[in-house]
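User: Could you walk me through this model, one question at a time? I would like to see how each answer is reached.

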There are 2 protein chains.
Amino acid sequence: MLSKKCKYAIHALVYLAERYQQGPVHIQDIAEHQHIPKKFLEAILLELRNAKILHSKKGKGGGYYLYRKPEDVNLMEIMRLMDGAIAMLPCVSLNYYEPCEECRDEKNCGIRDVFIGVRDDTLKILSESTLAQILQRQKGIRRV
Amino acid sequence: MLSKKCKYAIHALVYLAERYQQGPVHIQDIAEHQHIPKKFLEAILLELRNAKILHSKKGKGGGYYLYRKPEDVNLMEIMRLMDGAIAMLPCVSLNYYEPCEECRDEKNCGIRDVFIGVRDDTLKILSESTLAQILQRQKGIRRV
DNA sequence: CCTATAATCTATTAAAACAATAGACTAATA
DNA sequence: TATTAGTCTATTGTTTTAATAGATTATAGG
């Protein structure tokens, strides 16, 4: 399961993607419209800023805005940033690899094979799922 | 990530599948060979017994043994039993569905679509991954 | 330059989930 | 009837997750 932090991040980013190139958006604005505790959201946006996904402007007329194009931000990156490993076992994680304590023979582990498959399918979908894609689907359905 | 509980369960089941139809196996035996805290393992095996995956025998010569054929026990079932939902969002879970609090329009949610895809791919693999399959892969590689 | 605004930083706390342990009880076998 | 081994109830410690509080810094506009 995604953490609330990660869900909040995704919702905030989709919200900012909808307002791409329309100037900075207040934290307060995002928090209210997406129903996210403001202080919690602050910390999240700061992390996204440090990861060069968002930029910010202080003072009057300030706020947060998307730094990259919506088609260049995908869920794989967001999820790794917020929750860490995407894989279901540490021993199959590409970015957060750790050997399984109980495992003696990783190369010949039948369990591991299963979760390598799950990981690959999952990463394929998540890396193809950009903010632009998500917006497009929502708009696409609305039009009908 | 899988919980330790779930990993322990899978390892214990694979261990018992290797000894299918060879009589009961002590908790102690499984715990030692798979490096699982004995008391924790007790609770896990009990749950698997209540789910009709394992049977047990008390007293001298007792222990646990696989109740079903190894090809009839898959990881989807084990994971649901141990960790609950497999999906990454409650609103796409088949067995543990809950609406997302912040979501106003579930049908038109672009985020949701992504995780329906992830769920379907994941369930396909996990439901096809039986204890028999896992054993076969391990043995297959050993033979080479 | 001053003031209001809004992001930034540091610290703390509350709640939930996860992992492990202890000890008494029950059933089965020799 | 003693020993073995699973069963049950309860509790405890640890870590992670979620949320909050308050002081600080940068910027725009008058």
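Analyst: Happy to! One definition before we start: a crossing is left-handed if the near helix is turned anticlockwise from the far one by less than a right angle, and right-handed if clockwise. Please keep in mind that this is a predicted model.

User: Thanks! What is the handedness of the crossing of α5(A) and α5(B), left-handed or right-handed?

Analyst: Let's begin with the geometry: the axes of α5(A) and helix α5 (residues 110-128) of chain B come within 9 Å and cross at roughly 160 degrees. Angles over 145 degrees count as roughly antiparallel, so α5(A) is roughly antiparallel to α5(B). By the definition above, the crossing of α5(A) and α5(B) is right-handed.

User: Which residues of α5(B) make that contact with α5(A), and how do the residues of the contact divide by class?

Analyst: From α5(A) come A:Val114, A:Gly117, A:Val118, A:Asp121, A:Thr122 and A:Ile125. Their partners in α5(B) are B:Val114, B:Gly117, B:Val118, B:Asp121, B:Thr122 and B:Ile125. By class, the contact of α5(A) with α5(B) divides into six nonpolar, four polar and two charged residues.

User: Stepping back to the chains, which helix gives the largest share of the side of chain A that touches chain B?

Analyst: Here 30 residues of chain A are in contact with 29 residues of chain B. On the chain A side, α1, α5 (110-128) and α6 (131-143) each supply at least two residues. That side has 15 nonpolar, nine polar and six charged residues. Its largest share, nine residues, comes from α5(A).

User: Now the DNA. Which element gives the most to the surface near DNA strand D?

Analyst: Both chains take part: α1 (4-18) and α3 (38-50) of chain A each supply at least two residues, as do α2 (27-34), α3 (38-50) and β2 (63-66) of chain B. Of the 24 residues around DNA strand D, the nearest are A:Ser3, A:Lys4, A:Pro37, A:Lys39 and A:Gly59. The surface near DNA strand D has six nonpolar, nine polar and nine charged residues. With four residues, the element that gives the most is α3(B).

User: And for DNA strand C, which element has the largest share of the surface?

Analyst: Around DNA strand C there are 24 residues, of which B:Ser3, B:Lys4, B:Pro37, B:Lys39 and B:Gly59 come nearest. Elements supplying at least two residues each are α2 (27-34), α3 and β2 (63-66) of chain A, along with α1 (4-18) and α3 of chain B. By class, this surface holds six nonpolar, nine polar and nine charged residues. The largest share, four residues, belongs to α3(A).

Definitions and conventions
Residues are numbered from 1 along each chain as its sequence is written. Chains are lettered from A and ligands numbered from 1 in the order in which they are written. This is a predicted model: local features need pLDDT of at least 70, side-chain atom pairs count only at pLDDT 80 or more; totals for chains, interfaces and linings use all residues. A residue is near a molecule or strand if its C-beta atom, placed from the backbone, lies within 6 Å of it. Ala, Val, Leu, Ile, Met, Phe, Trp, Tyr, Cys and Pro count as nonpolar, Asp, Glu, Lys and Arg as charged, and the others, Gly among them, as polar. Two residues are in contact if their C-beta atoms, placed from the backbone, lie within 7 Å. Axes are lines fitted to C-alpha atoms, for helices over the stretch in contact, and angles run from 0 to 180 degrees between N-to-C directions. Angles under 35 degrees count as roughly parallel, over 145 as roughly antiparallel, 65 to 115 as roughly perpendicular and the rest as oblique.
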